[in-house]
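Hello,

Here is the structure I promised to pass on. My notes on a helix pair and a few individual residues follow below it.

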Amino acid sequence: MAHLPDLQPGWHEPLGALARDGGVNFAVFSENATRVELCVFDAEGQRELRRYPLDGPHDGVWHGFLPGVGPGLVYGLRAHGPYAPEQGHRFNPNKLLLDPYAREIVGHFGWRAEHHGYELGHPDGPRSLDTRDNGTQALKARVAPAPAPQAASRPRRAPADVVLYEMHVKGFSKLMPGVPEALRGTYAGVAHPAAIAHFKRLGVTTLSLLPVQYCIDEPHLAERGLRNYWGYNTLGFFCPDPRWAQAAHRHDPTAVTEEFRAMVRALHDAGLEVVLDVVYNHTPEGNEFGPTLSFRGLDNKTYYRLVGGDWSRYENLTGCGNTLHASHPRVTQFVLDSLRYWVADMGVDGFRFDLAPVLGRGSHGFDPNAAFFTALRQDPVLAGVHLIAEPWDAAYDGYQVGRFPGRFLEWNDKFRDAVRGYWLGVGQGVGRGELARRFLASSDVFHHGQRLPTASVNFIAVHDGFTLADLTSYATKHNQANGEDNRDGRDGELCANFGAEGPTDDAQINATRERVRRAMLATLLLAQGMPMLCAGDEIGNSQGGNNNAYCQDNPTTWLNWDRADGRLTELVGELLALRAAEPLLRHPRWFATGAAEASIAWYAPSGHEMTPNDWHDAGQRAFGAQLREAGATAPRLMIVFNPDAAPLPFLLCNGPWQLVLDSSGESAHHTLLAGQPLNVPARSLLVLRHVST
């Protein structure tokens, strides 16, 4: 660029860089800076062309308008102010800062000493000041073109009809037959007809994508030559990660954005929703020993929660070194602005919030009525999207299952542990009462206020932990490949190997494992609440016993389609077709006891309705449930559970009944009369439909 014009005052909103009125307006928040500079670079980001002081502050916002420029302009920021860690301030104008609102990011990040605001090795540690300039090596923002409007073809699924499918963009299609090699492991691969055909064959409605916002690798991974494959280390909260774009697009942020948007459009056209896993609880800047990349250099005291009595240190409620200060109004605005961008401009249909209690933490712990939740729930752009909480964080009093407000849905680990304990027969033992509670959407946890059964997001396995195949094949974790001597990952995860550790040629062990997997999937997909299937569980995918594969971007985590269990896939399709056909299996309200409303009754194998003594009989674990429609004189469905290693007779009542599903695959579909015993195979779940007479 031969000549850059002078900067004009511009406007203090919206935040970020916006091409408008024949130029670009810049607006940056910093409550405590004394001066903020806009640094314009050449197209490669290697040469700083000019530095402008921004006007302000205007209510904490520094701003300026640069005429005669537009999309494609590369820039960074420098913030002046006190470097006084003991006061919470870490301003260092020698460090080029990434705009938190960057829509496009250019450059390649590498861990270098110059990225730290303090001098590594100095006797004063993080209280020292590093005066080296990192401008040429730092990541930079690029002004993005205004996106074309997304087609308004959102499927808009009611919560009761949603079936979540948690998946990694790359891992799902990297080895998938039918997807062209150039598209495997990419956004375009997820939208390929072969991928969509698989989603439709299963009957899932909503893809829950592991983080796709721009991520960088932690230094300990970079040292070992590993990657943060899962992506829970977000730096660019407005940018799709280029790692999951086609190779031809990865160095062009505009092309990456358009590939992501095209994926969303294709999925919407197929009737599928897209939910993003988002990480608004911490950033890659880490604790006081971490680098100065963006937020820390712009306004450390505002963006992060600092330790009371020692503002040079960071509250670590996340286990990742720092914690975003979501209760500050400007940080709340930042998170909401980012969410609105992904809905309005990128087209997504909802969010799963990682370590969500952080967003509701104030000075006195977690508050369901925190300002962030209030603002989120009344936002008109976000009014129609799914909001899903991971309802725990890594700090004291961080387990908040059942306490999230309004229309929030919550991951329910109580369901996971009950279903595993019941079918695996491990741990402290799970009886009929505990499984029944979880099967009915954990009413003891969620049935309060105006919350509905769909508040319970039920799962057996997710990205974090064993896959379904591994929790039935291993008795302990095998994480040696992560380079932490198997210390990482959850200890004591409920699992069972049924007599051999890992793969085996023993036909009896393999048959038992298969039965248990099928029964657990049936329990998950027919339970009240919102089911969530972990990608790969429907094909029997294994990670070799690794229950913390966050850094394994290799065949460990790429779904192995060549060894797919087709029978298991067929079962999932049958289960979800049954769920879709039977409203009682996805009832949007809590079951009642009166005949005027939909209800459920529980039965012992002897054919009588369960009594308190039956519920407390630890020696008998099989039982059944009859579901009745509102106002009906006869039940509609019966579900029978038998977790034992032997078949058993189950005496039917209120018949006649037609057997419609046997998770074990043993039984033929046939009609049984009331008073007849039903032979329930070992380790199986059966579904019967009442036959009208």
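With a relative accessibility of 0%, Val190 counts as buried (buried is under 20% relative accessible area, exposed over 50% and partly exposed in between, using a 1.4 Å probe and protein chains only). Before going on, please keep in mind that this is a predicted model, where local features need pLDDT of at least 70, side-chain atom pairs count only at pLDDT 80 or more, and totals for chains, interfaces and linings use all residues. Residues are numbered from 1 along each chain as its sequence is written, and side-chain values use heavy atoms, with hydrogens and water left out.

Val190 belongs to helix H2, residues 187–190 (helices are DSSP runs of H or I with at least four residues, strands are runs of E with at least two, and both are numbered from the N terminus). Setting aside neighbours within four places in sequence, Val190 is in contact with Met167, Val169, Ala195, Ile196, Phe199, Leu207, Met263 and Leu267 (contact means heavy atoms within 4.5 Å).

**Helices H7 and H8**

How do the axes of H7 and H8 cross? The axes of H7 (residues 329–344) and H8 (residues 371–378) come within 10 Å and cross at roughly 30 degrees (axes are lines fitted to C-alpha atoms, for helices over the stretch in contact, and angles run from 0 to 180 degrees between N-to-C directions). The two helices are therefore roughly parallel to each other (angles under 35 degrees count as roughly parallel, over 145 as roughly antiparallel, 65 to 115 as roughly perpendicular and the rest as oblique).

On the H7 side, Thr332, Val335, Leu336 and Leu339 meet Phe372, Ala375 and Leu376 of H8. The residues of this contact divide into 6 nonpolar, 1 polar and no charged (Ala, Val, Leu, Ile, Met, Phe, Trp, Tyr, Cys and Pro count as nonpolar, Asp, Glu, Lys and Arg as charged, and the others, Gly among them, as polar).

Asn541 sits in the loop between strand S25 (530–534) and helix H14 (566–581), and is buried, with a relative accessible area of 6%. A polar atom of the Asn541 side chain lies 2.9 Å from the backbone nitrogen of Asn560.

Thr569 is in helix H14 and is buried too, at a relative accessible area of 11%. Not counting residues up to four places away in sequence, Thr569 touches His198, Leu202, Glu538 and Ile539.

Best wishes

Conventions
A polar contact is a pair of N or O atoms within 3.5 Å; within protein, one must be able to donate a hydrogen and the other to accept it, and residues adjacent in sequence count only if both atoms are side-chain atoms.
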